[in-house]
Amino acid sequence: MHSFGYRANALLTFAITILAVMCAIASFSDNFNSPSPTSQVQVLNINWFRNKPDGDDEVSMTMNISADLQSLFTWNTKQVFVFLAAEYKTRKNSLNQVSLWDGIIPAKEHAKFYIHTTNKYRFVDQGSNLRERDFNMTLHWHVMPKTGKMFADKIVMTGFRLPQAYR
């Protein structure tokens with residue numbers, strides 16, 4: 001009646017259709033998760049704050065970064081990319097962002113952390129704009145699902161200020 005090729009094609013088409021429906025349900029189920037992550041950053045010390053020979057300001061600081069991102073994980077979450085950025089305004093730019101630290105959280109067990117570190121990346125401003133500058137620390141995250149669209153959000157922590165004089 002039906003050839004082997006016809007039966008294999010029907011079976012494969014059915015399997016792919018079921019897989020597509022399961023992926024769509026998994027992606028849709030993420031809409032019901034309402035995460036409530038928390039984070040806190042403390043600047044413990046400004047290690048150096050200098051004006052480099054090319055005229056740019058550079059800052060090195062020691063920080064405590066703590067976060068509980070466990071609520072971001074669902075059964076559809078593959079991993080979470082997280083980074084801490086210093087954000088500030090200057091006369092030239094309404095938003096300046098400098099990434100200070102980043103990491104990849106592979107599982108929910110690692111999503112609650114406390115890190116004592118210096119900034120992983122250089123905090124440099126093009127020009128002498130950082131003296132006595134107010135800035136925010138913002139923890140950004142990107143949730144990478146097993147299937148479906150990526151989700152990104154952030155927590156903004158205010159009240160940080162750089163010193164008036166270079167050190």
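# Close-up views of the predicted model

**Figure 1. The pairing of strands β7 and β8.** Strands β7 and β8 run antiparallel and pair over 9 bridges; two strands are said to pair if DSSP finds at least two bridges between them. Strands (E, at least two residues) are DSSP runs, numbered from the N terminus. Within this pair, Trp141 stands opposite Asp153 of β8. The two strands form a hairpin with 5 residues between them, and Gly148 in the turn has a positive phi of about 110°. The structure is a predicted model, in which local features need pLDDT of at least 70 and side-chain atom pairs count only at pLDDT 80 or more, while totals for chains, interfaces and linings use all residues. Residues are numbered from 1 along each chain as its sequence is written, and side-chain values use heavy atoms, with hydrogens and water left out.

**Figure 2. The four-stranded sheet that includes β7 and β8.** An open sheet is formed by 4 strands in the order β4-β3-β7-β8, with antiparallel pairing. Its edge strands, each pairing on one side only, are β4 (96-105) and β8 (151-161). On average, neighbouring strands of this sheet are turned by 20° against each other, direction ignored; the axes are lines fitted to C-alpha atoms, and angles run from 0 to 180 degrees between N-to-C directions. Strands of a sheet pair through backbone hydrogen bonds, either parallel or antiparallel.

**Figure 3. Strand β3 and its two partners.** Strand β3 (residues 77-88) pairs with β4 in the antiparallel sense over 9 bridges. Here Phe81 has Ile104 of β4 as its bridge partner. With strand β7 (residues 134-145), β3 forms an antiparallel pairing over 10 bridges. In that pairing Phe83 stands opposite His140 of β7.

Figure 4. His142 belongs to strand β7 and is partly exposed because its relative accessible area is 25%; buried means under 20%, exposed over 50%, and partly exposed in between (1.4 Å probe, protein chains only). Leaving aside neighbours within four places in sequence, His142 has contacts (heavy atoms within 4.5 Å) that include Phe81, Phe83 and Phe151. His142 and Ile104 are 38 residues apart in sequence, and their C-alpha atoms are 9.6 Å apart in space. Phe135 also has its place in β7; it counts as buried because its relative accessibility is 4%. The C-alpha atoms of Phe135 and Tyr88 are separated by 4.7 Å, although these residues are 47 places apart along the chain. Tyr88 is among the contacts of Phe135 beyond four places in sequence, as are Met61, Ala86, Gly159 and Phe160.

Figure 5. Asn64 is part of strand β2 (residues 57-68). Its relative accessibility is 8%, so Asn64 counts as buried. The Asn64 side chain makes a polar contact of 2.9 Å with the side chain of Tyr114 and one of 2.7 Å with the side chain of His116. A polar contact is a pair of N or O atoms within 3.5 Å; within protein, one must be able to donate a hydrogen and the other to accept it, and residues adjacent in sequence count only if both atoms are side-chain atoms. Beyond four places in sequence, the residues in contact with Asn64 also include Gln40, Val41, Gln42 and Leu44.

Figure 6. Glu132 lies in the loop between β6 (123-125) and β7. Its phi is near 55°, a positive value in a residue other than glycine. Glu132 counts as partly exposed because its relative accessibility is 40%.

**Figure 7. The contact between the two domains.** The domain assignment, which is automatic or from a database, gives domain 1 (1-32) and domain 2 (35-161). Their C-alpha centres lie 42 Å apart, and the contact takes 5 residues from domain 1 and 7 residues from domain 2. Between them the domains bury about 440 Å², 52% of it on carbon and sulfur atoms. Buried area is the accessible area (1.4 Å probe) that two parts lose on being put together, summed over both. Of the area that domain 1 buries against domain 2, 69% is supplied by Ala26, Ser27 and Asp30, more than by any other three residues.

**Figure 8. Asn76 and its contacts.** Asn76 is located in the loop between β2 and β3. At 2% relative accessibility, this residue counts as buried. Not counting residues up to four places away in sequence, Asn76 touches Ala26, Ser27 and Asp30, and also Pro145, Lys146 and Thr147.
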